[in-house]
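Colleague: I would like a close look at the salt bridges of this model, and at one helix in particular. Please set that part in the context of the whole chain.

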Amino acid sequence: MVILRRARYGSPVWEVPSVYVVSVINYKGGVGKTTLTANLGAELANRGMKVLLVDLDPQTSLTFSFYEPDDWRERLRDGRTVKRWYDGLRGDTPAVTLGELVVSPGPANAHLAGAGRLDLIASHLGLTDIDLALARGVADGEEYDRELFRVRGSLAEGLHDEALGGYDLVLIDCPPNFNVVTQSAVIASDHLLIPAKADYLSTLGIDYLCGNVRELVDRYNADSRRFATIRRHHKVAPGIAGVVFTMIHLNAQRPVAAHQGYMDQVRALGLPVFPTVLRENVTLFATNTPRGVPAVLRPRVGLPAVQEELRQITTEFIAHLQPAEVAA
Ligand SMILES: Nc1ncnc2c1ncn2[C@@H]1O[C@H](COP(=O)(O)OP(=O)(O)OP(=O)(O)O)[C@@H](O)[C@H]1O
Ligand SMILES: [Mg+2]
């Protein structure tokens, strides 16, 4: 069992215990963010952790990897999605706490080996409207900056919910953009995990993403002093847990030369890169996958090597987070 200790918020700024937060992020679409979030969360829960997944993408792919669309429509859409919480931020509907939105996907939890748990805060297609709506009616200037600061820090604040205190880890699946919802995930995070394909655009994008994260964090920390009346000052400093290369083509069990070249370029940026890569396997991931149970938990999955990679990536992930304590 692994216990994670937060690097930040060392001082008792918050009144309830902090939960450890990691955002899975990359601007680039289709690089495996959602697949990695679902499988990493599932494997960590399988190892005994209490994991909360948060789907921040209006495409709702993470939600639909655990729930059938009909189920989502009937049971989650109108009351239990993260959109309701963001809606509450602008005062349109009564505020709801994040703890009230948690659901527990049955099939995935039924496949867990031990005492772990895998829960979810689902997403909603209407989350796309949030970005514009949050800043509605506020002109550029001091008031706009203040509103932006408030919204950027809102998820960090919302996750400090007593009801979420029992989770060992929150894993956030970000959309492929850097809008204010994604920014709120970055500000809430202890670490960022970056899945990437080993190709030209993905490698360019990683550098750009890290630059934008640095800018956002600096701005937020400066605003945190400027608007200290809104929120008690706390410095945020999300670290990079690392880059996980996905959809890799292998030759004799090694990434093909073209992929290796791009992977070396990312290492040269000074970013931590996970030694284990996730190979491409269209049959397993992209087609005809039974909904509800991530590949890493499925019995009799077609290719044990892929499951082994997912487990190995999970082990490396834990090591990158520098757990406070690892007990047998
Ligand atoms: N290792 C893999 N091999 C083959 N296909 C994969 C692999 N990983 C993910 N896929 C497939 O690639 C597609 C994109 O993956 P995924 O949805 O995880 O990416 P994403 O980064 O979350 O995308 P988006 O930016 O749209 O949210 C999906 O159809 C998924 O099933
Ligand atoms: Mg996704």
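Modeller: The account below begins with the basis of the values, turns to the salt bridges, and then places them in the chain.

The model is predicted, so local features need pLDDT of at least 70 and side-chain atom pairs count only at pLDDT 80 or more, while totals for chains, interfaces and linings use all residues. Residues are numbered from 1 along each chain as its sequence is written, chains are lettered from A and ligands numbered from 1 in the order in which they are written, and side-chain values use heavy atoms, with hydrogens and water left out.

An α-helix has 3.6 residues a turn, so residues three or four places apart point the same way.

As for solvent exposure, a residue is buried under 20% relative accessible area, exposed over 50% and partly exposed in between (1.4 Å probe, protein chains only). Asp70 is partly exposed at 47%, as is Arg73 at 39%. Asp71 has a relative accessible area of 25% and is likewise partly exposed.

A further salt bridge joins the side chains of Arg77 and Asp78, at 3.3 Å from N to O. Here Arg77 is partly exposed, with 31% relative accessible area, whereas Asp78 is exposed at 62%. Elsewhere, Glu142, Asp145, Arg219, Asp223 and Arg226 are linked in a network of salt bridges.

The wider chain gives the setting. Its secondary structure comprises 13 helices and 10 strands, and 55% of its 328 residues are buried. Of the contacts (heavy atoms within 4.5 Å) with a separation of 6 or more, 79% are between residues 24 or more positions apart.

The largest nonpolar core contains 54 residues; such a core is a set of buried Ala, Val, Leu, Ile, Met, Phe, Trp, Tyr and Cys residues joined through side-chain atoms within 4.5 Å. Helix H10 (residues 200–226) supplies the largest share of this core, 7 residues. Tyr86, Leu155, Leu159, Ile172 and Phe245 have the most contacts inside the core. Leaving aside neighbours within four places in sequence, Leu159 touches Val19, Val21, Leu98, Leu164, Val170, Ile172 and Ala188. A second, separate core has 42 residues, among them Leu76, Leu193, Val293 and Leu321.

Two other elements complete the picture. Strand E4 (residues 117–121) has 4 of its 5 residues buried, and strand E3 (residues 50–55) runs parallel to E4, joined to E4 by 5 bridges; strands pair if DSSP finds at least two bridges between them. Val54 stands opposite Ile121 in E4.

Notes: Helices (H or I, at least four residues) and strands (E, at least two) are DSSP runs, numbered from the N terminus. A salt bridge is a side-chain nitrogen of Lys or Arg within 4 Å of a carboxyl oxygen of Asp or Glu.
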